[in-house]
Amino acid sequence: MTKTEFQHYIDKYADVISQIKESAHALHASVNQTYDGDRPYGFHLDMVADSVYKYGHVVCTGEQDILPMFFGTYYHDSIEDACLTYNDVMRIAKRWMGDDQSLTAAEIVYALTNDKGRTRAERAGEKYYQGIRETAFAPFIKLCDRLANITYSFTHGNEDNARMKQVYQSELPHFLESIDAKRNDIRYALPEEMINAIETIVNKT
């Protein structure tokens, strides 16, 4: 999809996207989840969405992709961090979408939900990454999520962010390989411009 076409559909669905955004913000606020200690979690969700607005045309095949992709973006942590179930996500998605689009949206959220585990490696193991690779739009949104986290960690100098900088640097090659579906289907694509942006940030230090 061209950038112009993508922007046309964003404009067409701007009110719905805004409703999805506000709903997700309210959900995470309701469980008192924050980002970097004192920021509302919606701050992070908006950072992830910024990359969807910027690069989403690369992975969209048509108008029907717009709402599931934005819903998956704003709700990507809702099962893992905000106490929702898969069925909850489906029910909420159906406020704005029909059955097929809601299924696509819910599958994105489910794929981006970490597995149970005692460590970071256990929570994001091969089964987790396999689920991402097998789900349309999940590799792209996971890359948007990582770009948001890397951008923030590399520009905010507290102890936790300093630690995460090292984690993101060491994980990057494995991470990119793990989410690469290697399919001839743009819904699973990883925009090269995004990868370059991440590598530029990481390689500055």
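I read the order of elements along the sequence first: α-α-β-β-α-α-α-α-α-α-α-α-α-α. The count is 12 helices and 2 strands. Helices (H or I, at least four residues) and strands (E, at least two) are DSSP runs, numbered from the N terminus.

I noted that this is a predicted model, where local features need pLDDT of at least 70, side-chain atom pairs count only at pLDDT 80 or more, and totals for chains, interfaces and linings use all residues. Residues are numbered from 1 along each chain as its sequence is written, and side-chain values use heavy atoms, with hydrogens and water left out.

Next, I checked dimensions. The C-alpha trace spans about 45 × 40 × 30 Å along its principal axes.

Then I looked up burial. Of the 205 residues, 50% are buried (under 20% relative accessible area, 1.4 Å probe, protein chains only).

I turned to the largest nonpolar core, which has 71 residues. Such a core is a set of buried Ala, Val, Leu, Ile, Met, Phe, Trp, Tyr and Cys residues joined through side-chain atoms within 4.5 Å. Helix 10 (residues 138-153) gives the largest share, 9 residues. Among those with the most contacts inside the core are Met69, Phe140 and Leu143.

Beyond its neighbours within four places in sequence, Phe140 is in contact (heavy atoms within 4.5 Å) with residues including Tyr55, Met69, Leu190 and Met194.
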